[in-house]
Every structure is written in structure tokens, then in C-alpha cells.
Amino acid sequence: MVPEPKGSGFPLLGIRSSTLTSLLVLLPTMIAVGVFVYAFIAWTGVISLTSSRFVPEYNFVGLQQYGKLWNTDRWQIAVNNVWLFSGLLIGASLAVGLLLAIFLDQKIRAENVLRTIYLYPMAISFIVTGIAWKWLLDPSVGIEKLVRGWGFESFHFDWLNDPKKAIYTIVIAGFWQSSGFVMAVFLAGLRGVDSEIVKAARIDGASMPRIYWSIIVPILRPVFLSVMVVLLYQALRSFDLVVALTKGGPGFASDLPTTFMYNYTFSRFQLAQGAASAMMILLTVTAVVVPYLYSELRNEHAGAH
Amino acid sequence: MSMLAPTERFDLDMARPAATSVLWKRVGRFGIYAVLIIFAAFYLLPLLVMVATSLRSMDEIRSGNLVSLPHALTLQPWMDAWSAACVGVDCIGVRHYFLNTFLMVVPATLISTFIGALNGYALTQFTFRGSKIVYALILFACFTPYQGILIPLAKALGWLGLAGSIPGLIFTHSIYGLGFTTMFFRNYFISVPKELVRAARVDGAGFFRIFFSIMLPMALPITVVTIIWQFTSIWNDFLFGVSFTTGQNAPIMVALNNIVNSSTGERLYNVDMAAATLAAIPVLIIYFLAGKYFVRGLMAGSVKG
């Protein structure tokens with residue numbers, strides 16, 4: 001290794017050698033990311049403009065594949081499902097996550113044990129826990145059988161097999177998986193709230209529910225935004241949940257765009273349709289994530305100076 | 001008030017007369033614990049059902065219900081899951097896939113963590129105008145929905161002679177892990193005082209010398225966070241595994257999904273559940289031993305950009 005006294009390097013170019021080394025260290029990653037992320041995305045975009053079926057072929061058909069995609073019932077169902085899923089997931093996770101965080105912040109005994117229990121679903125693959133969920137939701141062996149066994153013979157809980165309700169089982173599973181994580185984020189936010197503000201409000205005679213509602217929750221607004229972005233992002237790319245629970249069924253009633261894409265690409269060999277659906281997912285995620293990352297990076301910049 | 005210290009933050013109404021106020025506090029306190037415990041049960045339910053069912057014989061499963069306690073515990077389902085469960089006509093259990101997955105996860109985790117550490121440090125030393133843009137572009141790579149790159153990646157793995165193999169998955173996970181690992185280390189190193197690096201440089205230490213003898217030892221906590229993050233996400237991966245491997249090259253999650261969906265003869269729920277529990281064990285061990293680090297990664301990985 002070459003020792004590097006101050007001012008060495010390429011003074012003419014104004015580049016210090018540590019900067020040059022850094023650049024060289026980063027170069028392989030930059031190339032890898034450039035090729036495997038950005039060029040591949042562009043390539044997927046190109047395939048979506050062709051009539052490829054089994055293998056990529058380059059006979060361009062313009063935006064035809066997109067037109068076809070949006071005229072496909074199955075895709076429309078998948079899109080409706082993903083918005084329904086995202087909306088319910090975000091709403092339920094925010095409400096319950098905030099409630100649990102506030103409750104857990106009341107100097108609770110065994111807080112650590114409870115937190116560990118709430119968060120473990122994020123550590124395990126849903127391919128694993130989906131097996132248990134499927135069994136719980138399966139009318140012939142799970143909750144329906146249990147409740148009927150208690151004497152409620154007319155009890156019905158067969159959402160898993162009902163085309164109109166199957167998507168809600170995905171919502172339950174998604175909520176089960178991510179609400180503990182939302183709790184953890186809110187709890188971290190609550191622990192960051194200045195206790196002096198709370199004290200001052202109490203001296204003024206405000207009740208605790210009121211203090212939470214009108215002082216603490218508004219302070220947590222940025223946390224709400226972060227959580228919403230993260231959950232929306234997770235919802236848009238959910239895949240394992242559906243594979244493990246319903247495989248998109250009955251029929252394709254609980255398909256999401258991700259399972260649609262997988263199915264068209266790897267099972268039906270409609271490569272161009274798969275690529276077009278992939279581009280739609282990508283554009284949506286980009287529209288959600290890029291403004292968020294941009295503001296995060298800007299804040300970081302502003303904070304540094 | 002000091003005697004009621006634990007309830008301090010959730011006192012329903014300060015203005016109420018003292019006696020009622022104490023009563024209300026008790027009720028509120030009880031309600032809080034009730035809600036927290038009910039949710040703990042909700043989160044635990046699938047895991048408990050999974051483990052309980054895996055320890056029962058099929059006869060007992062057929063006659064009992066969800067919550068009926070096992071009469072005679074049996075480890076036979078676990079042994080079957082480990083070495084005899086079938087995927088189609090392949091009856092080799094999860095053992096083989098377990099090993100596959102370790103052979104994939106360990107190298108991919110180490111490679112992506114090491115390169116990420118180098119990158120993270122380089123990014124903080126890289127004082128070009130474009131450094132922020134380079135970082136932003138690498139960061140976006142973390143959030144790319146994989147649907148956008150699956151089709152080109154399948155082609156590329158074919159060209160590289162890595163299609164359908166464990167080395168192919170090591171390569172894939174190493175590349176797509178770089179965004180996260182780089183981000184973790186960069187955000188850690190950026191808070192290291194600049195004087196430290198400057199002083200070492202004046203003493204004649206070069207980039208790699210500083211990295212290996214100062215920065216890396218100092219970065220032990222974030223290294224643990226990164227290794228745990230990579231290990232769990234690669235172990236739990238389903239999408240890459242199911243897209244790029246077939247048969248006996250599959251990683252554990254794909255094999256598990258195949259075992260559960262293998263429909264020859266009677267569904268052996270107990271064996272399915274035992275296989276699922278086995279597939280989750282490495283990640284559960286990490287979570288219960290080093291949950292703190294896992295949660296740190298989770299927060300950094302999904303909330304802070």
C-alpha cells in the first residue's frame with residue numbers, strides 16, 4: 001500500500017488519492033448495480049414492447065402489450081386486489097400499531113417479552129407461517145371446525161375458499177406479519193417525544209387521551225408518513241403471502257400483480273405480458289419510493305450543515 | 001401520585017375526584033394488559049399451532065381440533081420431515097435442502113457484507129460532487145421490486161452458466177444485497193468523526209490500512225446487524241429460489257412450499273408443520289438470541305432511507 005501524505009494524489013486534477021481509491025473500490029458495485037438493476041430494468045422495458053412469448057424476441061409492437069394487459073380481467077382483479085390489500089393493511093396496521101405502542105409505553109411489566117412476541121412474524125418467512133395460517137383458515141380443519149365443535153353448528157368461516165373473500169385472508173396474514181413492526185416504529189417515536197411537553201400539558205389539566213390525541217400523535221406525523229410508505233412498498237411487492245395462502249385462488253380471485261407477473265412469465269410463458277406487468281409494478285413502486293428517498297436524503301443533507 | 005408511578009402516563013382524567021380516579025386507573029390498567037395479552041396471543045397463535053400439530057399423530061389430528069391438547073407427543077413427524085418427506089416422487093426430507101440453503105446463505109451473506117463495508121467506507125471518503133447521486137442510485141437498488149429484473153436475470157444467469165444452481169443464487173443474493181449492506185455501513189461510518197481518519201492519514205496510513213485496522217473493528221455492531229439482516233432475508237427468500245432453481249437445487253423455502261403442495265395420498269399435516277418449523281429454526285434462533293440487532297436492521301432497512 002502506498003503511504004499517502006497530505007496533498008498527494010493528482011493535484012492537477014484536484015483529486016486526492018483517497019478519493020481515487022474510494023472511486024476504484026466503488027466501481028465494481030457501481031457497475032454491478034448499473035447492469036443488474038438499471039440495465040435490467042431497461043431490458044425488461046424493452047421486452048414489454050415486443051411480442052415475446054417463450055424467449056425474448058425483438059419484434060417491436062409498441063405499447064400493444066400494455067393495452068392487452070389492461071384489458072385482461074385477471075390483471076384488473078390483481079390491481080384492484082393490491083389497492084384493497086394496501087388500504088386495509090395500512091389502515092389496520094397504523095391503528096393497531098399505534099394503540100399497541102401507546103399501551104406498551106405505559107411502563108408495562110414484561111415489555112421486552114411482549115415486544116419480542118409482536119415482532120417475530122417479521123423474522124420468519126411467510127412460506128413457513130402461511131402453512132399454519134392456511135390450516136387455521138381452512139374450514140375443514142381450522143377455526144370453523146373448532147367453533148362448530150363448541151356447538152355453533154351454523155358457524156361459517158370459509159373465506160379461503162370464497163372468491164369474494166379470499167383477498168381478506170391475505171389482509172389478515174399481512175396484518176399479522178407487519179403490525180408488530182409498525183408498533184416498534186411508533187414505540188421508538190414515542191420514546192423520542194420530549195417528556196417535558198407532556199408534563200407541561202398535564203399541569204394545564206389535559207387528560208392523557210387528550211394529550212396523546214392532540215399533542216403526541218401530531219408530533220409523530222413524520223413517523224406516520226414513513227410507516228405508510230414502507231407498508232405500501234411492502235404491500236406492492238407482497239408475493240410469498242399469496243403463494244403460501246391462496247396461490248391467487250380460488251381461480252384468480254386473490255391474485256396480486258406480483259403473482260400475475262410470476263404466473264405469466266414462468267408458467268404461461270407470455271414473456272412480454274410478464275414484462276409489461278413488471279413495468280407497471282416497478283413504476284408504481286418508483287412513484288412511492290423515489291420521492292420518499294429524495295426527501296430522506298435531503299433532510300440528511302440539511303441536518304449535516 | 002408517586003405511589004401510582006407506573007400509571008403516570010395514562011391517567012384517564014386528572015379532574016376526577018380521587019377515589020373514582022384510582023378505580024378508573026385500575027380499570028384502565030387492567031384493560032391495557034388485557035389488550036396487550038390478547039394481541040400477544042394473536043401473534044403467537046400460528047407458531048403455537050404449528051409446533052403443537054407437528055408433535056401429534058395423524059389419528060389425533062383427525063379426531064381432535066385446533067386447540068385440543070396432544071395426548072401423546074410424537075417426534076415421528078419431525079423425523080419424517082427431516083429425512084423422508086416427499087416432493088413429488090423425491091422422498092428425501094428437508095435435510096438436503098437445509099444444507100443447500102446453508103451453502104447458499106453463508107457465502108452470499110459474507111460476500112455482500114464485506115463489499116458493503118468497503119463501499120460504505122468508500123462513500124464517506126468519496127467527496128466528489130456526485131457522491132450523493134452514486135449513493136442514491138445504489139440505495140434505489142434496495143427498493144427495486146424484483147419483478148422488474150427477473151426476466152433479464154434469468155437470461156443472464158444462463159449466459160454465465162449459473163442457471164438453476166446454488167452458485168447462481170449466491171451470485172444473485174450477493175449482488176442484490178449490496179444496496180442494503182452498503183447503506184447500513186455508509187450510515188454508520190458517516191457518523192465517525194472525520195478527524196480520526198484524517199489523523200491516521202497524516203500518520204501515513206492508506207485507504208485499506210485505515211479500513212482494516214480502524215474502521216472495520218469499530219464497525220462491529222453494524223457488522224452484526226448487517227450479517228443478521230442478510231442471513232435472514234436470504235434464508236427466507238422465496239422469489240429468487242422459485243424462479244431460478246428446480247428439483248434438488250431448490251433452497252429450503254421453495255422445497256417447503258413443494259412439500260406442502262405435494263398431493264400424493266393423504267395430507268400429512270403433522271409432517272408439513274414439522275418441516276415448516278424446521279425451516280424456521282435457524283432464523284428463530286437468531287431472532288431470539290440477537291433480536292436487538294435484527295430489529296435495528298429492520299428499522300434502518302425499512303424506515304430510514
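Author: Helices here are DSSP runs of H or I with at least four residues, strands are E runs of at least two, and both are numbered from the N terminus. This is a predicted model, where local features need pLDDT of at least 70, side-chain atom pairs count only at pLDDT 80 or more, and totals for chains, interfaces and linings use all residues. Residues are numbered from 1 along each chain as its sequence is written, and chains are lettered from A and ligands numbered from 1 in the order in which they are written.

Reader: Is Phe181(A) buried or exposed?

Author: Phe181(A) counts as buried because it has 24 C-beta neighbours inside 10 Å. The cut-offs: 20 or more other C-beta atoms within 10 Å is buried, 12 or fewer is exposed, in between is partly exposed, with C-beta atoms placed from the backbone.

Reader: Which residues is Phe181(A) in contact with, leaving aside neighbours within four places in sequence?

Author: Leu119(A), Met122(A) and, over in the other chain, Leu298(B). A contact means that the C-beta atoms, placed from the backbone, lie within 7 Å.

Reader: OK, so how many residues of each chain are in contact across A and B?

Author: 86 residues of chain B are in contact with 91 residues of chain A. On the chain B side, helix α13 (residues 269-302) gives the largest share, 15 residues. By class, that side has 60 nonpolar, 17 polar and nine charged residues. Nonpolar covers Ala, Val, Leu, Ile, Met, Phe, Trp, Tyr, Cys and Pro; charged covers Asp, Glu, Lys and Arg; the others, Gly among them, are polar.

Reader: And the largest nonpolar core, which residues have the most contacts inside it?

Author: Those are Phe186(A), Val94(B), Leu256(B), Ala275(B) and Ala279(B), in a core of 178 residues. α13(B) gives the largest share of this core, 15 residues. A nonpolar core is a set of buried Ala, Val, Leu, Ile, Met, Phe, Trp, Tyr and Cys residues joined through C-beta atoms within 7 Å.

Reader: What does Val94(B) touch, then?

Author: Beyond four places in sequence, its contacts include Leu256(B), Ala275(B) and Ala279(B), and also Ile252(B) and Ala255(B). Ile252(B), Ala255(B) and Leu256(B) are among the buried residues of α12(B). That helix (residues 252-261) is mostly covered, with eight of its ten residues buried.

Reader: Zooming out, how many helices and strands does chain A have?

Author: 13 helices and zero strands. Chain A is more spread out than a compact globule, because its radius of gyration is 25 Å, well over the 19 Å that the globule rule gives for 305 residues. That radius is taken over C-alpha atoms, and the rule is 2.2 Å times the number of residues to the power 0.38.

Reader: What domains does chain A get?

Author: Domain 1 (1-47) and domain 2 (66-304), with bounds from an automatic or database domain assignment. Their C-alpha centres lie 38 Å apart. The contact takes four residues from domain 1 and six residues from domain 2.

Reader: Last one: where in chain A does pLDDT stay under 50?

Author: Over residues 1-12. pLDDT is the predictor's confidence in each residue, from 0 to 100. Chain A averages 87, and 93% of the residues score at least 70. Among its helices, α3 (residues 73-104) has the highest mean, 96, and α6 (residues 143-149) the lowest, 82.

Conventions:
Contact = placed C-beta atoms within 7 Å.
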